[in-house]
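Here's a quick briefing to read alongside the model. Have the viewer open and follow along.

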Amino acid sequence: MMTLKELRTMVGSVDKEMRVPSVRKLTESRVPVVVKEKLDQKAELTVFANGYVLYRIDNRVTVFPIPECQSYCYEDVSGAGETISSDFFENENWYVRLILEGEDRLKENQRIRQNTREVSYSIVSEDWAVLGTEANRALDHLIEMETIQDILKNMDERQRYAFMRYHIDCATQKEIANELDIPRTTLTDILRKTMKMVREEMGVERVDIEVSFKRNRK
């Protein structure tokens, strides 16, 4: 049995100043895989040599750095909290603490989606016809969804508000500028910077594909 302590010695150090790579960047990189565990038919845990972990359950996926997996705090059914020290996990099977971290992050992603009015992210299918089979398009579609989630989390509060109001609510720049109490030129700069973040994360120099954000309406 390989322990978490042993695993830490097998991966590189993570630069805390760098942003966590998106799912797409990590999966398309040439960073070697140190260890991989298929937990069941839908769940999979992959550790890369650069110190990042990819946790996938069915069509949900998240990326996080191993150094953040230290002590763990949980609440029982009564709401009482208890903390398990990092020392305990260090000598347990390597994936025990990583699974807990992955589960918590997927739950947080779900909470963010719910708090943003169940926004769904999609790529216009015609633009992705060149990708090949329906299965490949579906996988890339899911990766793009997670990339957008990562981008939103990396934006500051004002950037996120402006981005979502403009691309999701279809509000005009004048309306958004008034709501934020900022000049129209400042808002234009914010929207330009957020779109640059999208282009960089998706690895394209030009926005030749249309990213549509549609609100689920009940």
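D181 sits in the loop that runs between α7 and α8 (184–202). This is a predicted model, so take everything below as computed from that prediction. Of its 218 residues, 39% are buried.

**More on D181**

- The phi angle of D181 is near 55°, which is a positive value in a residue other than glycine.
- D181 counts as exposed because its relative accessibility is 68%, and the cut-off for exposed is over 50%.

**Helices α6 and α7**

- Two packed helices are described by the angle between their axes and the distance between the axes.
- Here, the axes of α6 (residues 157–167) and α7 (residues 173–180) come within 10 Å and cross at roughly 150°.
- That crossing angle makes α6 roughly antiparallel to α7, since angles over 145 degrees count that way.
- As for handedness, the α6 and α7 crossing is right-handed.
- Which residues do the meeting? On the α6 side they are R158, Y161, A162, R165 and Y166, and on the α7 side Q173, I176, E179 and L180.
- Sorted by class, this α6 and α7 contact holds 5 nonpolar, 1 polar and 3 charged residues.

**The β1-β2-β3-β4 sheet**

- Four strands make up an open sheet, ordered β1-β2-β3-β4, with antiparallel pairing.
- β1 and β4 (60–65) are the edge strands, so each of them pairs on one side only.
- Ignoring direction, neighbouring strands in this sheet are turned by 15° against each other on average.
- β1 (residues 33–38) and β2 (residues 43–48) run antiparallel and are joined by 5 bridges.
- Between β1 and β2 there's a hairpin, which connects them through 4 residues.
- In this pairing, K36 stands opposite T46 in β2.
- On to the next pair: β2 and β3 (residues 52–57) also pair in the antiparallel sense, over 5 bridges.
- Look for E44 there, which stands opposite R56 in β3.
- As a general point, side chains in a regular strand alternate between the two faces of the sheet.

**T46, a residue inside that sheet**

- T46 belongs to strand β2.
- Is T46 buried or exposed? T46 counts as buried because its relative accessibility is 6%, and the cut-off for buried is under 20%.
- What does T46 touch, leaving aside its neighbours within four places in sequence? Its contacts are V33, V35, K36, Y52, V53 and L54.
- One of those contacts, K36, is also the residue standing opposite T46.

**E101 in α4**

- E101 is placed in helix α4 (residues 95–115).
- With a relative accessible area of 10%, E101 is buried, so this charged residue falls under the 20% cut-off.
- Setting aside neighbours within four places in sequence, E101 is in contact with F64, E68 and C69.
- One of these partners, F64, falls in the residue range of edge strand β4 (60–65).

**Contacts across the chain**

- How much of the contact set in the protein joins residues at least 24 apart? Among contacts between residues at least 6 apart in sequence, the share is 61%.

Conventions. Residues are numbered from 1 along each chain as its sequence is written. This is a predicted model: local features need pLDDT of at least 70, side-chain atom pairs count only at pLDDT 80 or more; totals for chains, interfaces and linings use all residues. Side-chain values use heavy atoms; hydrogens and water are left out. Axes are lines fitted to C-alpha atoms, for helices over the stretch in contact, and angles run from 0 to 180 degrees between N-to-C directions. Helices (H or I, at least four residues) and strands (E, at least two) are DSSP runs, numbered from the N terminus. Angles under 35 degrees count as roughly parallel, over 145 as roughly antiparallel, 65 to 115 as roughly perpendicular and the rest as oblique. A crossing is left-handed if the near helix is turned anticlockwise from the far one by less than a right angle, and right-handed if clockwise. Contact means heavy atoms within 4.5 Å. Two strands pair if DSSP finds at least two bridges between them. Buried means under 20% relative accessible area, exposed over 50%, partly exposed in between (1.4 Å probe, protein chains only).
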